[in-house]
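Trainee: I am new to reading structures. Can we walk through one together, feature by feature?

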Amino acid sequence: MNHDEIDRALSAEDGIVPSSGFAASVMEVVRREALAPPPLPFPWKRALPGLAACVCGIVAILVMLIASGALASVESSLAAQAEAAVKSQAGMIALALLTAFGSALFSVRLCRIMGRW
Amino acid sequence: MQLTGCIPGHTASVSASDDLADVEKVLAGDVAAFENIVRRWQNPLVNLAYRFCRDRGRAEEMAQEAFLRAWRALGSWRRDAAFSTWLFALATNLYRSELRRIPVPPLALDEVPELRDIRAGSEEQEDRDRDRAVRNTVFSLPPKYREALTLFYFHEMDVEAAARSLGLPEGTVKARLSRGRELLRGKLPRLLTTAHSKEVR
């Protein structure tokens with residue numbers, strides 16, 4: 001078969017006529033969606049005072065801890081724990097986390113590429 | 001913009017200003033104005049879906065979903081492109097995703113309708129059968145070539161329009177069309193020989 005015959009075969013296609021109720025069924029769905037209430041917005045005005053209070057509370061606690069010197073003992077305990085972690089398998093754990101993150105990133109990119117195709 | 005020929009019942013020229021007027025009305029809150037858009041574009045969208053899936057019921061479902069997405073995204077139509085371009089691109093993306101999600105099973109060559117008995121049939125019937133066999137063979141092609149061919153012939157062999165609907169550069173579409181036709185030509189002689197040898201026996 002040559003180029004022209006393929007063109008003729010694929011151009012000469014009989015189309016279909018949509019069923020008589022097609023437009024009506026589309027409009028039914030559209031109207032239903034138009035009548036549905038809009039999604040609720042996040043109540044920022046109500047949430048902001050509470051969020052501000054939390055931040056202030058955390059800051060206040062940190063200031064108190066620093067002032068009382070409790071953080072110094074926490075720091076030394078953290079240093080000891082960090083040393084222990086380094087001596088143990090922390091390196092392998094970090095590598096595993098990095099690999100997991102990398103594979104998640106790769107999967108997301110692959111999905112985007114497949115979506116474009 | 002003229003849409004004729006392969007799109008039955010759509011012989012009138014479509015006015016871009018009608019589309020713009022209806023879109024403005026819809027965005028202003030007149031839901032009923034969207035029906036004008038649906039009635040104006042239902043033939044092309046259903047036919048495009050049919051070319052993708054070859055199933056009337058599924059074609060209408062996909063076209064309905066395309067209109068629903070158009071309704072939701074109407075505000076995002078930038079007036080720099082024609083409404084038809086935007087609508088066809090939206091519909092094409094949806095149809096491609098749907099076909100990826102639930103593919104049309106490709107016909108094996110021995111399932112493609114055979115040519116009728118060439119001794120008994122008219123030349124016209126033979127041509128129709130051959131054309132149908134060619135169209136069905138397109139479904140055995142890989143999706144990227146099948147989609148390029150489908151859009152190209154839907155848009156009456158307009159590469160630019162097909163490229164805009166697919167969201168691909170024209171060069172890419174041309175390459176896929178060329179490769180698609182090559183693959184089609186490779187499969188068709190086998191089909192026509194098989195059909196003919198069955199008749200000869």
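**Reading a patch and an interface**

Mentor: Start with one residue. This is a predicted model. A:Leu62 has 42% relative accessibility, so A:Leu62 counts as partly exposed.

Trainee: In which helix does A:Leu62 lie?

Mentor: A:Leu62 is part of helix 3 of chain A, residues 44-68.

Trainee: Which residues make the nonpolar surface patch?

Mentor: A:Leu62 is one of them.

Trainee: Now the interface. How many residues of chain A and chain B are in contact?

Mentor: Chain A brings 30 residues, and chain B brings 37. The two chains bury about 3,300 Å² between them. Of that area, 60% is on carbon and sulfur atoms.

Trainee: What is the count of salt bridges between chain A and chain B?

Mentor: Four. One of the salt bridges pairs A:Arg8 with B:Asp131. Their closest N and O atoms are 3.3 Å apart.

Trainee: Which helix of chain A gives the most to the side that touches chain B?

Mentor: Three helices each supply at least two residues: helix 1 (3-11), helix 2 (22-35) and helix 5 (90-116). Helix 2 gives the most, with ten residues.

Terms used:
Residues are numbered from 1 along each chain as its sequence is written. Chains are lettered from A and ligands numbered from 1 in the order in which they are written. This is a predicted model: local features need pLDDT of at least 70, side-chain atom pairs count only at pLDDT 80 or more; totals for chains, interfaces and linings use all residues. Side-chain values use heavy atoms; hydrogens and water are left out. Patches are made of residues with over 30% relative accessible area and no salt bridge: like charges are joined within 9 Å, nonpolar side chains (Val, Leu, Ile, Met, Phe, Trp, Tyr) within 5 Å. Accessible areas come from the Shrake-Rupley method with a 1.4 Å probe; for residues, only the protein chains shown count as cover. A salt bridge is a side-chain nitrogen of Lys or Arg within 4 Å of a carboxyl oxygen of Asp or Glu. Helices (H or I, at least four residues) and strands (E, at least two) are DSSP runs, numbered from the N terminus. Buried means under 20% relative accessible area, exposed over 50%, partly exposed in between (1.4 Å probe, protein chains only). Contact means heavy atoms within 4.5 Å. Buried area is the accessible area (1.4 Å probe) that two parts lose on being put together, summed over both.
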